[in-house]
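I opened this notebook to record, step by step, what I looked up in a structure that was new to me.

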Amino acid sequence: MKHGIYFFDRSIFTTAIQDFTAVIKEDPMNAQARLYRGRAYAKQQQYRNAVDDLAAALHLDPFCWLAFYYRGCILRHVDPKRALQDFSVSVLINDTQENFCSFLHRGVIYAEQCQWSLAICDFESVLALDRSVIFAYLSIGLIMLLHLDQYYKAIQLFTDAIEVDPLNVRAYICRAQAYHTIHNLKDAVRDINRAIHLYPNKSQLYILRGKYLMEMKKYELSSLCIHQVAEMDEESFKSQPIQRALIHSFCQNQDKAIDCMCDIIAVRPEPPMYVLLGKVQMKAKKTKNALESFKVATKLLITSGRTLPNTFEAAEMYYLIGLCYMEQVNLLKAFDAFSVAIRLHPSYPDAFYQRGLCRMQLGQAKCIQDFNRTLALCPSHFQAYMSRAVYYGSKGRYSKAILNCNEALKINPSSVRAYFYRGTLKYQNKTYNVAIEDLSKTIDLNKSCILAYYNRAISYNQIKDFRKALKDYGILLLLELNKEILLKVLINRGLLYVQLGDYANACEDFKEAAFYSPFDRQIFQAIGICYHRINEFEKAVRSFNQVLKLDPLYVDAYVGRGNSYMENGQEPDRKQAQKDFLKALHLNPKCVKARICLGYNLQALGKFQKAWNQFTIAIDLDPKCHAAYDGRASVCLQMGETFAAFQDTNAALKLTITAALLTNRGVINQFMGYLSCAMRDYQNAIAVDPDYALAYFNAGNIYFRNRQFSQALDYYSKALQLDPRNESAVMNRAITNTLLKNIKEAKEDFEKAVSLCPFSAAVYFNRANLHYGLKQYELAEKDISTALSIQPNDALMYKFRADIRAKLGFRKEAIDDYKQAISIQEQITSI
């Protein structure tokens, strides 16, 4: 017996079995010999003989806990139920530290049978007997982590295992997985780093660290991990050529990845290998080669009956073939491939989705059915919701499209694309404020999203928040834009400046736009209009000339150039303007705008009847053109036909109510002596447009005429606030201040009037009156002399200067002025 035990302890099991057999022959009732021989048989994998000997040992000694334990170990995989019984009897006989392995093995069987609470009890019993058993800590921790969702308890157990054995790599990996589950990625990466420190040559650890870093959005570090794996010379890594190929593909070493896959296929020409090769070739943009690889895979998969099996593997091959055809824009073949994939595997959501895209690009309404089927199979398919939103948006069904974007955002709440598209849909739906909210969220997620800034600027423009719109356009111009978007931004901002009346800045934007699009006539037309608005008429003419070089038949350019010539006010320019208006009418006799401009041109030349005719023709062409009625009214007023002017203005006001038309009717009423009606029109004009300066000025004149000087002063002040360069308003306010004895304010107004209109005799005459009233005769004499130098044939001013000189004691000069005044008056009377 001792001889057999000696060889058993030294693992010489054949000799040991011979010795134990000899003992059993001599003493068939020897339980110890049966036990040892059974264990020796088990070591030599003669499990049937081992079980027989252990059963005999138990028959001879029913309290032999070791026999129960070893028989349980042998039966653990083939008969777990009997193994559990044996382990249970073993611990019943001996539940001390000596037999903790029975608890451990029984716990493993319970875990395999998903009896988690019983497994945990056994592993805890192991730890109660021996606190140094790392396997028990890890087993309980994994059950807590993977099956009971008790993540923090699992972390504590893995921590306890690490305290027992700080060099246990598995404990660090398990704790990293637990940290990852509770989204504590920082600690997860820290534990993986410790594991790598202990085993620096394990490629799987680097891959796991790369995964965690990618989830932390540290893409550069994640990529570095995968590159480290690619450069490793680990034997286990070399023995996994498929993984090596995938890692090379991730690192964008596509040629190396393809070479690896070709080497694999040379040894294993199987369908999955060709599929993997095709995927790598697709990533390398070798679509034609990928298509061939997938076709080879399908041929290998075809059974002897020349039919494809209805498996996901076969469906995926045709799905990938469809993707290749999509890449080649061969939509019909792609459609057929996806249809085959669906036939082979009817529960393939991505195949339905891609077929829906094909149908949408082919203009088939059935695409929506494929998207619906995709979502029925996979309710969390983000792309299907987005594509369905695109489809409904293209059909003008914006509310439905928005609902699909809402569902997409439930799946991916941080999707820039979903927020951006929902914002544009809301803009199309004319809900501008909520569109701005979505576009702002898009910008928060992606600060360089050019289209989000562009669309938000347009939305701000729609809600009249011009300041924010200009800010967004300004930000866009600081970003790197392609030529097309840059041109649109410049044009849109220029139009916004036009809307704000800031024609100088608008002109600069249009000029820059013209640099990028030198053959766009409309841009040069806009530049000409801006120059016209800022009173740079020569530059405006040059811009319109450029338009006409690009398009000699562009009617609006002739009209614009004619208007610019008109503004110069000189006779030759008016003649040139007339030629342009006539040219425009020659090109388009029905151009109402050109008719109206020609009418004003003839009016300026004093040809009132011809002007009246042009306005009348414009009215015949467009009976709803209020500008034509307004122009004819002004001609009638100049011709003394006050009532006709009144009728035309009323006709214009029936078409549209504007401050300018109401003010014009007020002027006509004033001419007709209906001052109360005129005042009512001016007040209505102010109500329609509180920023219309001329209405305030004319109302102030009526108050002045009625000697309501305080009210007149208020209205003149408001008119000047809106139009500071109105010299008539400045002079009238100066006279009003004089009458109200606001001497300081009157002097200031006269100074401003002189600066605005230095060649106006009336300004100097009225200031002379102010100085005369203040007995400042020398200043009065200087002003009246200046007035006479500008207007030398005015009897009243000579008489006034004579009075002033008389006050100064210049009798001879005063007499001469009186004589000159009488002489001028006699000449006027004789005429």
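The entries below go from the chain as a whole to one helix and then to one residue.

Entry one, the whole chain. I noted before anything else that this is a predicted model, and I kept that in mind throughout. When I looked up the secondary structure, I found 49 helices and 0 strands. The chain has 831 residues, and I wrote down that 48% of them count as buried. For the surface, I found that the chain exposes about 43000 Å², with carbon and sulfur atoms supplying 52% of that area. I also looked at contacts between residues at least 6 apart in sequence, and 44% of these join residues at least 24 apart.

Which of its residues are buried? I listed Ala-611, Gln-614, Phe-615, Thr-616, Ala-618 and Ile-619.

Is Leu-481 buried or exposed? I noted it as buried, because its relative accessible area of 18% is under the 20% cut-off. Leaving aside residues up to four places away in sequence, I found that Leu-481 touches Ile-450, Leu-476, Leu-486 and Val-489. Ile-450 lies 31 residues from Leu-481 along the chain, yet I read a separation of 7.8 Å between their C-alpha atoms.

How values were computed
Residues are numbered from 1 along each chain as its sequence is written. This is a predicted model: local features need pLDDT of at least 70, side-chain atom pairs count only at pLDDT 80 or more; totals for chains, interfaces and linings use all residues. Side-chain values use heavy atoms; hydrogens and water are left out. Buried means under 20% relative accessible area, exposed over 50%, partly exposed in between (1.4 Å probe, protein chains only). Contact means heavy atoms within 4.5 Å. Helices (H or I, at least four residues) and strands (E, at least two) are DSSP runs, numbered from the N terminus. Accessible areas come from the Shrake-Rupley method with a 1.4 Å probe; for residues, only the protein chains shown count as cover.
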